[in-house]
Amino acid sequence: LYSYIQRQKAKGLANVGGVSITQFEIEFHKRFASVFSAFILTIIGASLSARKMKGGMGLNIGIGLGLSVTYIMFQTVSSSFAISGTMPPMLAVWIPNIVFMFIAAYLYSKAPN
């Protein structure tokens, strides 16, 4: 995919078959970012599940699901900014991981041993 993007840029093409080169760049970066997002969301889930609360685990499960949905929405919105040209594709794909990495670090530091 990377070499394809580079070839199209060298040709000076902005669109290939009605699809913007930016969308190919977003897909390229998503392939790497998704690996890290799985790791980050796993840390969030493990940190939340380590908490023992009186009354059950329902609140922790709800928080975990809410954070996962928020991550997906954040990634979709930031990708939209990249497609519109407001934000560079690499930054748009990686910024949700960076933000949620800080959330994961906070939850991990608050989790009991």
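How many helices and strands make up the secondary structure of the protein chain?

## Overall layout

This is a predicted model. The secondary structure of the protein chain consists of four helices and two strands. Read from the N terminus, the elements follow the order α-β-β-α-α-α. The radius of gyration is 18 Å, well over the 13 Å that the globule rule gives for 113 residues, so the protein chain is more spread out than a compact globule. The C-alpha trace spans about 60 × 20 × 20 Å along its principal axes.

Of the 113 residues in the protein chain, 27% count as buried. The chain exposes about 7,200 Å², and carbon and sulfur atoms supply 69% of that area. Among contacts with a separation of 6 or more, 61% are between residues 24 or more positions apart.

## Aromatic pairs

A pair of aromatic rings is described by the distance of the centres and the angle of the planes. Searching the whole structure gives three aromatic pairs. One of them joins phenylalanine 36 and tryptophan 94, with 5.5 Å from centre to centre and 55° between the planes, and this pair is tilted. Phenylalanine 36 belongs to helix H2 (residues 21–49) and tryptophan 94 to helix H4 (residues 89–110), so the pair ties together parts that are 58 residues apart in sequence. Phenylalanine 36 has 45% relative accessibility and counts as partly exposed. Tryptophan 94 is also partly exposed, at a relative accessible area of 22%.

Another pair is formed by tyrosine 71 and phenylalanine 100. Their ring centres are 5.3 Å apart and their planes stand at 85°, so this pair is edge-to-face. Tyrosine 71 sits in helix H3 (residues 58–84) and phenylalanine 100 in helix H4, and the pair links distant parts of the chain, 29 residues apart. Are tyrosine 71 and phenylalanine 100 buried or exposed? Both residues are buried.

Side chains of opposite charge can pair when their charged atoms come close. The count of salt bridges here comes to one. The partners are arginine 31 and glutamate 27, whose side chains meet at 3.4 Å, N to O.

Where do the two partners stand relative to each other in helix H2? Arginine 31 and glutamate 27 are four residues apart in that helix, which means that about one helical turn separates them. Glutamate 27 has a relative accessible area of 36% and is partly exposed.

## Serine 47

Serine 47 is another residue of helix H2. Its relative accessibility is 4%, so serine 47 counts as buried. Which residues does serine 47 touch, leaving aside those up to four places away in sequence? Serine 47 touches Ala104, Leu107, Tyr108 and Ala111.

## A nonpolar surface patch

Met53, Leu59 and Ile63 form a nonpolar patch on the surface. Together these residues have about 250 Å² of accessible area.

Technical notes
Residues numbered from 1 in each chain as written. Predicted model: local features only at pLDDT ≥ 70, side-chain atom pairs only at ≥ 80, totals over all residues. Heavy atoms only, no water. Phe/Tyr/Trp six-rings, centres within 6.5 Å; stacked < 30°, edge-to-face > 60°. Buried < 20%, exposed > 50% of the residue type's maximum accessible area, 1.4 Å probe, protein only. Patch = residues over 30% accessible without salt bridge, like charges linked within 9 Å, V, L, I, M, F, W, Y side chains within 5 Å. Areas by Shrake-Rupley, 256 points an atom, 1.4 Å probe, with all protein chains shown as cover. Salt bridge = Lys/Arg side-chain N within 4 Å of Asp/Glu carboxyl O. Rg over C-alpha atoms; globule rule 2.2 N^0.38 Å. Contact = heavy atoms within 4.5 Å.
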